[in-house]
Amino acid sequence: MATTTGPLNASILLIYLGGNVVAHTTDITFKLDNAMVDVTTRNSNGWKETLAGIRTWSLAVTGVVAFDDTTGWMAFVQGVVNRSLFTVKFSTGITGDFYFSGNGHISATGATAKMETGATFTGTVEGTGPLTIGTN
């Protein structure tokens with residue numbers, strides 16, 4: 001397949017935990033932060049000055065609960081219970097497309113079960129160490 005071009009249909013983006021696609025996701029949020037360190041002095045002429053500080057990354061997902069699928073919500077539950085460190089990848093999986101990858105811990109998960117609707121889950125992965133940008 002060719003590299004994805006133009007505006008991206010978000011439905012093709014996937015999260016992988018330990019090499020497995022996280023099943024039944026409906027929403028994914030990828031966040032990359034660069035904390036700013038304030039270095040403002042009297043010599044700054046009234047303007048704030050900053051330096052780039054600690055970088056962090058995280059992924060948050062929402063999905064549909066399926067107890068029989070160990071690669072969906074149950075992977076997040078087991079990750080918290082076992083304090084697992086996962087290799088995490090965020091990508092389309094399409095040859096030539098970029099991916100973001102690193103190690104992370106499941107920092108939170110939970111489920112919501114409203115009457116007469118599908119049960120849903122949320123899960124958050126907090127990166128530990130560097131984030132790698134590569135190409136499938």
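Is Phe30 buried, partly exposed or exposed, and what is its relative accessibility? Phe30 counts as partly exposed, at 23% relative accessibility (buried means under 20% relative accessible area, exposed over 50%, and partly exposed in between, with a 1.4 Å probe and protein chains only). The model is predicted: local features need pLDDT of at least 70, side-chain atom pairs count only at pLDDT 80 or more, and totals for chains, interfaces and linings use all residues. Residues are numbered from 1 along each chain as its sequence is written, and side-chain values use heavy atoms, with hydrogens and water left out.

View A. The ring centres of Phe30 and Phe90 are 5.3 Å apart and the planes lie at 25°, so the pair is stacked (rings of Phe, Tyr and Trp, the last by its six-membered ring, pair if their centres lie within 6.5 Å; planes under 30 degrees apart are stacked, over 60 edge-to-face, the rest tilted). Because Phe30 belongs to strand E3 (residues 25–38) and Phe90 to strand E5 (residues 85–91), the pair ties together parts 60 residues apart in sequence (strands, E, are DSSP runs of at least two residues, numbered from the N terminus). Phe90 is buried, at 10% relative accessible area. Together with Phe100, Phe30 and Phe90 form one aromatic cluster.

**View B. The pair of Phe67 and Trp73.** Their ring centres are 6.3 Å apart with planes at 35°, so this pair is tilted. Phe67 is exposed at 65%, whereas Trp73 is buried at 15%.

**View C. Lys89 over the faces of Tyr16 and Tyr99.** Lys89 lies 5.5 Å from the ring centre of Tyr16 and 4.7 Å from that of Tyr99 (a charge sits over a ring if NZ of Lys or CZ of Arg is within 6 Å of the ring centre and within 35 degrees of the ring normal).

Conventions
Helix = DSSP H or I, 4+ residues; strand = E, 2+ residues; numbered from the N terminus.
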